[in-house]
Amino acid sequence: MDFLERVLDNQVTESKELVRLYDYDLYTLGEVADRMRQNMHQKIVYFNVNRHLNPSNICADACKFCAFSAHRKNPNPYEMSLEEILEKVKNSYNKGIKEVHIVSAHNPNYSYEWYLKVFETIKQEMPNLHLKAMTAAEVHFLSAKFNKPFELVLEDMLKAGVDSMPGGGAEIFDEEIRRKICNGKVGSSRWLEIHAYWHKLGKMSNATMLFGHIENKIHRIDHMLRIKKIQSPKDKVENKEGGFNAFIPLLYQKENNYLKVEKSPSAIEILKTIAISRILLNNVPHIKAYWATLGLNLALVAQEFGANDLDGTIEIESIQSAAGAKSRHGLKKEDLIFKIKDAGFIAVERDSLYNFIQKF
């Protein structure tokens, strides 16, 4: 039996063996990943109408890969008030967003209650708006700063109206790499524990992986396997009763930070990584090619290599664009639909849990 067939049959489970997948040519991997994708999603490419909101860039951490937080390379600190946040969300809601995605720096000036008040107020004013908020890194920051078990932080978020969690803060799970790029941030084990408990509470989340910096291929494989291992049973995921909705390989952006990475991975390396994630993560329903880091054209090509989602309109994007991505002003819904259809796919507007809203 061919090695790839053994992988598909779940007979190979070790990272040091699975890294051999990168030795296959792109089209072989792409053919397998696309077959899996079409079995699960046919020719559908999902997107949503969403708004990203980052309340502050003042951060207690100093991650070397980050160009967003206020430091020497980004000397423009800001922090929004509750009133400012509410005004921005309301404006976007009135324009038709279905989801607000709130992630922030680890601001030492905000109180624990402040976060909960933000969530409660948004849900009181806009109960139909899906609130996706708080990375596991932020949950860990609040847990440590305010001396509360992370379980309590998650339970309080749930009570305050948070509907799902984004996948940020995962970076690369290998602890040696983490020490070099984000020392002091949530550890990999705690990141996974936080998501597992959120799933236990019956809620959905995403998982990311930051690649294309100082990690190597085996670190990426190890990262994917850890996500696979803690995924909820299939019936829970399908019923939206807790688990990972999507895996999102985020391409590292190399400008305005301290990692000093000279070259970005080639398009072939990027597409192989996306295809391998589809092949290995057969228990995670969706693979997102996040256009804000890949660029829209490569993200569309990635839909032929295992991905089935692009994220959404975003409206304002601050984190990736601070590091050089061309995503600052989001995308118009009409442009996104046109590009998806022009690439030969069926565009489907989804909600945050991948329920159909409209097919184009």
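At 62% relative accessibility, Tyr-27 counts as exposed, where exposed denotes over 50% relative accessible area, buried under 20% and partly exposed the range in between (1.4 Å probe, protein chains only). The model is predicted, and local features therefore require pLDDT of at least 70 and side-chain atom pairs pLDDT 80 or more, whereas totals for chains, interfaces and linings use all residues. Residues are numbered from 1 along each chain as its sequence is written, and side-chain values use heavy atoms, with hydrogens and water left out.

The structure contains 11 aromatic pairs, defined as rings of Phe, Tyr and Trp (its six-membered ring) with centres within 6.5 Å; planes under 30 degrees apart are classed as stacked, over 60 as edge-to-face and the rest as tilted. In one of these pairs, the ring centres of Tyr-27 and Phe-305 are 6.4 Å apart and the planes meet at 50°, so the pair is tilted. Because Tyr-27 belongs to helix H3 and Phe-305 to the loop between helix H14 (296–301) and strand E9 (309–312), the pair ties together parts that are 278 residues apart in sequence. Helices (H or I, at least four residues) and strands (E, at least two) are DSSP runs numbered from the N terminus. Phe-305 is buried, with a relative accessible area of 9%.

Tyr-46, Tyr-354 and Phe-356 form one aromatic cluster. Over the face of Tyr-354 lies Arg-350, at 4.2 Å from the ring centre, and Arg-20 lies over the face of Phe-3 at 4.0 Å from the ring centre. A charge is assigned to a ring if NZ of Lys or CZ of Arg is within 6 Å of the ring centre and within 35 degrees of the ring normal.

The largest pocket has a volume of about 390 Å³. Of its 15 lining residues, Met-40, Lys-234, Val-237, Glu-238 and Pro-285 are the closest to the centre. Helix H11 gives the most to this lining, with 3 residues. On a 1 Å grid over the protein atoms alone, a pocket is an open set of points with protein on both sides within 12 Å along at least five of seven lines, a cavity is a set where a 1.4 Å probe fits but cannot get out, and lining residues have an atom within 4 Å of a point.

The structure also holds 3 cavities of 30 Å³ or more. Volumes are the space filled by probe spheres set on the grid points, which are joined across faces, edges and corners.
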